[in-house]
Amino acid sequence: MDRELVRQHKQTLLRAMDSVDACQSVLGRLDRQWTRATLTGKINCSRIAQTLIDFISSTQDNFATLQQNLLDTLMVENTQKVVLEITAVAQVAIDILKRNLFERTADVGFLATDDDIVQFLLAGDFSRQAVEPIEARLAEYRNKYTVYWEIVVLDSEGNVRAHLDRDNPLSHSTDPLLAEAMASSQYVETYRPTDLVPGGGDVLAYSQAIRHPATNLPIGVLALLFDFKGEMAGIFESLGRSSNDIVIMILDAAGRAIATSDPARAPGGRAYPLALRDDFHMAQLCGEAYLAKTLATKGYQGFIGLPWYGHVQKRVATAFANGTNGHHFDEKAIRRNAIFSARLLQVEEASENVLSDLELVVQNGEIMAAKKSVQSDASERVEAQALPHVLGEVKKIGDQVQHVFQESTGGLLKLVTASRLHDVQFLAALAIDIMDRNLYERANDCRWWALTSDFRRFLDKPSLSGADRSRMREILAYINSLYTVYTNLFVYDREGRILACSNPDEHRQEGRIIRERYVSETLSISDSQRYRVSDFVPSDLYEAAGAPRPTYIYNAPITAIERPDTTLGGVGIVFDAEPQFLSMLNDCLPRDGQGGILAGSEGMFVEPDGRIVASTNPEHAPGDVIDLAGVFCQLACGQITSHLVAEGDALYAVGCAHSAGYREFKRGDGYVNDLLGVVKVRI
């Protein structure tokens, strides 16, 4: 934490730190009492105790320095607590958005090559009768990937040939994104007004050229219009639970707010200071001071996207008033075992050393006063009788000062501990939310790819030719190249026999019959909105060095084109669970100023019975069973909690959150998958 930056805003911060302000007032009062006691000693006892009075005066100066150190430490620690909170929220806000948008780049790349759409443009028949099946197909896609509110198919001249939103009167577009997409070998990401949505303001669109299968020349453009407003509302709702006095924003490269959690206090479209290099900066909203933090994305799998930033502001007036949040702490255990307590106790220990010296001087002074009280010199006897009163007053003041140091440090220890518990609770909720969001995409993927027309035609044939198998492999390999979170995609027939795989290393699996329950369950359904998922158990379809590893395998039925209630087989997609889950967990662990994960921090996904799905601690492997505290096991859907846990001489804050699903995923789509996100941080 930049102490100079804290000092620059000292007055603003101090006005909001009631405990620090009260501490300063008490210490100021005691300092004045000390000055009066010292002055009394100088007036009444200077002949017999000048050296002692001088020491008492210098001790007061030492205490004054320590008092300032205490106040500075209290201010810095309180400020750092708040800055760590808003830093975490700002980072998460932009990173969780970018994780979602990374998936969109794969979606547009895949759908732009959809054979039905390609053949539709090549046929040149844009009658209502020809358009309706394509728009029905686009609607199927939107029903699965509910993050899109409009999908548009245009020809190379900009004529709109199919789209979904009937309230959007589209016929032609002259938007430059068409030429840009047709000139690009990949997707184009834009956020600005577009004539694809007349009068719709800024629109987040993912566009890609639709190309001729033989010549690779562009024959049109596919545009996916992302539900940016709806996505940000969900992110703001989730992150806003961490505090009711924060404003969360997404800023563009110029600092303009393109999304805000509180349009009344922080309107969208307005520019806000970026200040990317500062630990924090002070901002004004509605005439009030706010602590603010802005962060760039860390990216996801190399995807950075448009130059946007996460920005969070927290109201200074209420930022430091959250107390211990109802927790009851063993202060002695925190003082003894918490690693963060060392720096907070240094000032207190220094004051104890000074006070110890003071007590020794007071004892020597009392001895000297006793001796002088029997001297023949009357004036010395008078001073000797006055000295114990002065010494007693100084001793009392010193004890009171020490008490203030201990109370202030103890209060700060509890406050920081409560903050750590709040943080791990937030991070655990974040981890499980990221997992739900990611697995939501997996449920979407398998259902959509099961609708691939070539798969449906091939599986409806009496027998599969070598060319058909090669074509299926080709399609699966292309999909897998876009969606890199899978180790293999495979198609199987109504007997559960694998017909084709995306991964050449897995072609050896072709011909085998999968007899797992998830396959038989998949083959028993024909609804294109339904899917099945394997249990998280080791599978020889997900091996490492010849050993099966646990993962989720998502499945959806492949049905006949002309008889959609007839199931011909299924598609299975093998999630690359080990690195993907570790990436999610690592993204949620607290980090130091250099961006490294704090020592002693770990995260895990675990089933309520204690069986581990993933863990950043190499001592806990997927499939192992751990003993979860009973209170963690009893959490209901969406609930979160945190506790202090002692392990030997180490103290940990442990947060736990129960999965709540995302959008319709695990919220009424028939899939039940109770999981807990756990984050453990040494304090």
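The structure is a predicted model. Helices α4 and α5 pack against each other with axes that come within 11 Å, and salt bridges in the model number 44. Among these, R99 with D587 and R437 with E231 tie together parts that are 488 and 206 residues apart in sequence, respectively.

**Packing of α4 and α5**

- Two packed helices are described by the angle between their axes and the distance between the axes.
- Helix α4 spans residues 115-123 and helix α5 spans residues 128-144; their axes cross at roughly 155 degrees and come within 11 Å.
- Angles over 145 degrees count as roughly antiparallel, and α4 and α5 are therefore roughly antiparallel to each other.
- The crossing of these two helices, α4 and α5, is left-handed.
- On the α4 side the contact is made by D116, I117 and F120, which meet A130, V131, I134, R137 and L138 of α5.
- The residues of this contact of α4 with α5 comprise 6 nonpolar and 2 charged residues, with no polar ones.

- R99 and D587 form a salt bridge through their side chains, with an N to O distance of 2.9 Å.
- R99 belongs to helix α3 (residues 18-111) and D587 to helix α15 (residues 577-587), so this pair ties together parts that are 488 residues apart in sequence.
- R99 is buried, at a relative accessible area of 10%, whereas D587 is partly exposed, at 28%.
- In the salt bridge between R437 and E231, the closest N and O atoms are 2.6 Å apart.
- Because R437 lies in helix α11 (residues 378-449) and E231 in helix α7 (residues 228-240), the pair ties together parts that are 206 residues apart in sequence.
- R437 and E231 are both buried.

- K396 and E393 form a salt bridge in which the closest N and O atoms are 3.6 Å apart.
- Both K396 and E393 lie in helix α11, where they are 3 residues apart, about one turn of the helix.
- K396 is partly exposed, with a relative accessible area of 44%; E393 is also partly exposed, with a value of 23%.

**A salt-bridge network**

- Salt bridges link D115, D454, R457, R471 and E474 in a network.

Technical notes
Residues are numbered from 1 along each chain as its sequence is written. This is a predicted model: local features need pLDDT of at least 70, side-chain atom pairs count only at pLDDT 80 or more; totals for chains, interfaces and linings use all residues. Side-chain values use heavy atoms; hydrogens and water are left out. Axes are lines fitted to C-alpha atoms, for helices over the stretch in contact, and angles run from 0 to 180 degrees between N-to-C directions. Helices (H or I, at least four residues) and strands (E, at least two) are DSSP runs, numbered from the N terminus. Angles under 35 degrees count as roughly parallel, over 145 as roughly antiparallel, 65 to 115 as roughly perpendicular and the rest as oblique. A crossing is left-handed if the near helix is turned anticlockwise from the far one by less than a right angle, and right-handed if clockwise. Contact means heavy atoms within 4.5 Å. Ala, Val, Leu, Ile, Met, Phe, Trp, Tyr, Cys and Pro count as nonpolar, Asp, Glu, Lys and Arg as charged, and the others, Gly among them, as polar. A salt bridge is a side-chain nitrogen of Lys or Arg within 4 Å of a carboxyl oxygen of Asp or Glu. Buried means under 20% relative accessible area, exposed over 50%, partly exposed in between (1.4 Å probe, protein chains only).
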